[in-house]
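Student: Could you take me through one part of this structure closely, beginning with a helix and its surroundings and then moving inward? I would also like to hear how each term is defined.

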Amino acid sequence: MKKIMTKYAFIWPLLGSIVLWMAISAVSGRFSTAMLFSSAKLCSFALLLALGQMVVVTSGEGAIDLSQQYILTLAAYISCDLMQYNVALGIAAAVAAGALCGFVNGLVNIYLKVPAMITTLATGYIIFTIVLVIAPGMKTLPAPELVKFINLNAGGFSMLTVICIALAAVLALLLYKTKYGKQLHAVGQKRLAARYAGINVNKVVIAAFTIGGALCGLSGTLCGAFNGGAFQDMGTTYFLPSIAAAFVGGTAASGGKSNVAGVCLGALMMYLLTTFLNAASLSAGMQRLIQGAVLVLILVASVSGDAKKS
């Protein structure tokens with residue numbers, strides 16, 4: 001049983017989501033599948049961040065991206081401003097800006113040998129400063145065409161959910177069916193051994209940060225469209241749940257192990273937790289406290305699990 005639960009890590013967030021759904025239904029007094037569809041839609045932005053975080057963490061050596069919330073905010077401003085001229089241009093520019101931020105994070109981490117946590121904390125503040133400087137002169141309203149598109153529904157599923165499922169499928173193919181995916185997991189398990197095996201570790205790690213940044217950029221684009229525009233602290237809401245989703249979904253804190261399906265369910269579980277806390281009429285401060293406690297417990301479980309395996 002233990003081997004099954006370890007191999008299929010997505011079972012934990014799946015069970016957690018079911019329990020929380022039942023708890024919300026009990027508090028609200030009605031069971032509704034529509035609430036699940038709605039939760040899947042609203043967790044989309046945190047999910048994209050969580051998938052990006054998963055890729056970075058999988059690269060190993062305790063890598064984690066603390067600049068995500070700022071990249072998301074910058075991307076939202078860029079997309080909203082450029083969409084006034086062309087929707088495709090706004091989306092492409094935002095994703096490219098996110099990828100560039102991730103690329104810079106990877107370069108600093110690898111070539112200046114600054115730990116990823118410190119690197120991304122520093123670049124995050126730089127990115128946020130850029131936002132503060134450029135925001136007053138930028139248009140902050142999204143293109144009506146994109147807003148209309150992401151609010152479409154297909155068989156009960158929001159277009160946001162469909163986009164996330166499609167991206168998760170592509171990412172799963174990249175991580176589990178391609179040479180790069182195998183190299184990334186090998187690098188995450190032991191970078192020195194990966195070098196001896198002939199893997200270009202620097203290239204693999206920088207690419208991981210770049211992919212993570214691109215997903216942040218897309219999340220910012222969709223978030224800006226869904227929320228009716230860009231604002232300066234918009235990334236804060238999704239950052240903590242995204243980290244929790246990455247680890248509760250089966251991403252190993254030490255690197256070398258990822259689980260796309262688990263992270264997707266982890267994002268859903270974290271949003272259901274927020275919904276339950278709201279239904280329980282807890283204050284915003286208490287909700288953050290509980291979410292933080294859950295994240296700490298998840299990290300402790302992840303680190304202790306990695307220690308036992310080693």
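Tutor: Leu15 sits in helix α2, which spans residues 11-28; helices here are DSSP runs of H or I with at least four residues, strands are runs of E with at least two, and both are numbered from the N terminus. This is a predicted model, in which local features need pLDDT of at least 70 and side-chain atom pairs count only at pLDDT 80 or more, while totals for chains, interfaces and linings use all residues. Residues are numbered from 1 along each chain as its sequence is written, and side-chain values use heavy atoms, with hydrogens and water left out.

Leu15 is partly exposed, because its relative accessibility is 42% (buried means under 20% relative accessible area, exposed over 50%, and partly exposed in between, with a 1.4 Å probe and protein chains only). Leu15 also belongs to a nonpolar surface patch of about 620 Å², together with Trp12, Leu14, Ile18, Met22 and Phe31. Such patches take residues with over 30% relative accessible area and no salt bridge, joining nonpolar side chains (Val, Leu, Ile, Met, Phe, Trp, Tyr) within 5 Å and like charges within 9 Å. The areas come from the Shrake-Rupley method with a 1.4 Å probe, and for residues only the protein chains shown count as cover. A salt bridge is a side-chain nitrogen of Lys or Arg within 4 Å of a carboxyl oxygen of Asp or Glu.

Now to helix α3, residues 33-42, where Met35, Ser39, Ala40 and Lys41 are buried. These buried residues pack against α2, α4 (44-58), β2 (157-158), α9 (159-177), α12 (201-226) and α14 (260-279), a contact being heavy atoms within 4.5 Å. Ser39 has a relative accessible area of 2% and so counts as buried. Leaving aside residues up to four places away in sequence, Ser39 touches Leu268, Tyr271, Leu272 and Thr275.

Further in, the largest nonpolar core has 83 residues, and those with the most contacts inside it are Leu51, Met54 and Leu222. Its largest share, twelve residues, comes from α12. A nonpolar core is a set of buried Ala, Val, Leu, Ile, Met, Phe, Trp, Tyr and Cys residues joined through side-chain atoms within 4.5 Å. Leu222 touches Phe45, Leu48, Ile150, Leu160 and Ile163, again not counting residues up to four places away in sequence.

Finally, the cysteines: a search of the whole structure finds zero disulfides, a disulfide being a pair of cysteine sulfur atoms within 2.5 Å. For Cys80, the nearest cysteine sulfur is that of Cys223, 9.4 Å away. Cys80 is buried, with a relative accessible area of 1%.
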